[in-house]
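Please keep the sequence and structure in view while reading.

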Amino acid sequence: MKSKTPRFLFLLCIFLGLFVLNISLGSVSFSFSDTFSAIIHQQSDDKTLELILFSFRIPKTFTAILAGASLAVAGLLMQSLFQNPLAGPFVLGISSGASLGVSICILLSSLYGLTAFRSKPTLLLASSLGSFLVFLAILACANRIKNNTTLLILGLMFGYISGGFVSVLFYFSQTEELNTFMQWSYGSFSRLTPEYYHLFAIPILLCLFASLLISKYLNAFLLGENYARSLGVSIKKFRLIIVFISASLAGIVTSFCGPISFIGVSAPHIARYVFHTSNHFVLVPASIIIGASVAILADIISGMPGTGYTLPLNSITSIIGAPILIWVILSKKKAL
Amino acid sequence: MSEALLKIDALTTGYDSTMVSKSVSLEVYPSELICILGPNGAGKSTLLKTIAKLLEPLSGDIHFCGKHIDLLDTKSLSQYLSIVLTDRITLEYMTVWEFVSLGRFPYTNFMGTLSQKDKDIVDQVIDQLAITHLQSRDLSALSDGQRQRVMIARALAQNTGLVILDEPTAFLDLPSKVELMALLSDLCSTKTSSFLVSTHDLDLALSQADRIWLIDSAGDLHDGAPEDLVLDGIFNTVFDSQQTYFDQDKAIFVNSKNDFASIQVKDSGLSRQWLIKALHRIGYKATDKDDTKACIEKIDSQWHLKIDGQALQFEKIYDLCKYLKLR
């Protein structure tokens, strides 16, 4: 068996490279040397650089790192639980719940003329509430059902319900409100303000750590429920734990950054492809690094360096995520 | 006598409230190869899954080495019983060695670290099943026969007294089936584990199993050495139909045709034996009695047929049979 260390180092280099790129590039670009010295000395002669760097770009990049890592791990957990390569962090309906919350909130603001309902904190509350309610519903189901597929179907149904409400919203709303919803659904890493940072980062770090701790059990789940049980895994308990961690990660990210597609589905595939393993002790950390890197890359591209425009993050994750996945799948077929 | 690995008491199995097999009481001792036979839908898998605690019994008790199944949590149970199911595992990026080492799961710490002893056991099992040449191959790049061996290796690595295999010979070609059964029989004699195998391959079960559990369509289970069951005529009652019956002499299933025409065969040895077999297939019964109307004789590697006053010669049994059939 080949050592995994060189590949991890390689990924870390890419990750660090992207990190530096992301804080150097943007509507105003800085030279790498200026950026470096500013980071190392925690200050800079150039006050604009200092301001942009420390109060905007670095927090945004850390948000991207945590969000990307969370979505990747949440996707990995779902793929392993359902033994389905197409599963992702949102198969349980978490993002649908968040959209539902946001759309109801905007609809209310439109019906009763409450513009306060369209402020950032309210939308954050609405999307958190929406994903949390779906989260509770899923946990309640996960505890009762016998078959994993039922969970998938429930997730799909939540999606339809929220889709229906969003259509109602579209029907009643003015352009302005639609715009608010569309803006939310594009996703962004720059919404998170410092006062909420601990609410975002601490639970995510705990969940990521917990995923590492249950790697042994995730490996058993790869064999399917019956085999996992025959190896001594308590299926009900671990299904609940896996769903809890995955839904928490997806819910937190969606609440603070909006529904960010594709990173969660593609990053675990890239991790498997790079390391040629199904072992979660490798896949969990690998997905964390790859998910974070892909999120930063998407953030760089959506920032359209040098142009002053910003593209919707969600379209970028799909546009770069899908080709990566296609490439991984096709090159795998060739290898077989 | 040593303690029973498995003791079943008045066990009734089924789904929800639909009973599948009823009131079974049995004991399994070390080093037994037990084949579970029965028509489709008789409840072979249901019984196995109930024993493996994948299904709840409708009533009755199961004990592993004297401990009641309800008192064993999944973790403890995994040290008494391992399984090989028909569920197809679709795994990529996992080598055979890694897969077999998952059998050590109940014995490793939360990091899944394999001790030297664990590694030795995995190597030993891989060696025993003669899959050493496959050990670094990816699981998805195996033939069905190889895959089945790997599945069994994983179960053996779990080091349990009882190994349950649900139709391990399904999907295998005939030589692989024979090989697999012989392997299980070998493992039984070298290990103290017992194997509980459901199968549709009756002839293999009859020749290799130490013991057969035959479940009939009413859900009753008949237990005994294969020979006991043959002598008791159980196979006839369970499997006989209008088209086939179980030949107790040869222990095979044969077509039941009752309107056999008789024909005299003047020949001896191997060619006689195979000619009779061919005649039987097309509805003729061979006799030694002089028969002037119908008679076959082998002269100078030609089959001479006299029938209804006609005399014909054939080079091959095929031509002879074709003529008799079309007559």
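Helix axes are lines fitted to C-alpha atoms over the stretch in contact, and angles run from 0 to 180 degrees between N-to-C directions. This is a predicted model, in which local features need pLDDT of at least 70, side-chain atom pairs count only at pLDDT 80 or more, and totals for chains, interfaces and linings use all residues. Residues are numbered from 1 along each chain as its sequence is written.

**Helix packing in chain A**
- Helix α2 (residues 32-41) and helix α3 (residues 47-82) of chain A pack at about 75°, with axes 11 Å apart; helices are DSSP runs of H or I, at least four residues, and strands runs of E, at least two, numbered from the N terminus.
- α2(A) is therefore roughly perpendicular to α3(A), a term for angles of 65 to 115 degrees.
- On the α2(A) side, A:D34, A:T35, A:A38 and A:I39 meet A:L49, A:L53, A:F54 and A:I58 of α3(A), where contact means heavy atoms within 4.5 Å.
- This contact has 6 nonpolar, 1 polar and 1 charged residues.

**Interface of chain B and chain A**
- Chain B places 30 residues in contact with 25 residues of chain A.
- The buried area is about 2500 Å², with 63% from carbon and sulfur atoms; buried area is the accessible area (1.4 Å probe) lost on putting two parts together, summed over both.
- On the side of chain B that touches chain A, α2 (74-77), β6 (81-84), α3 (96-101) and α5 (144-157) of chain B each supply at least two residues.
- β6(B) gives the largest share of that side, 3 residues.
- The residues of that side divide into 16 nonpolar, 8 polar and 6 charged.

Key:
Chains lettered and ligands numbered in written order. Heavy atoms only, no water. Nonpolar A, V, L, I, M, F, W, Y, C, P; charged D, E, K, R; others polar. Parallel < 35°, antiparallel > 145°, perpendicular 65-115°, else oblique.
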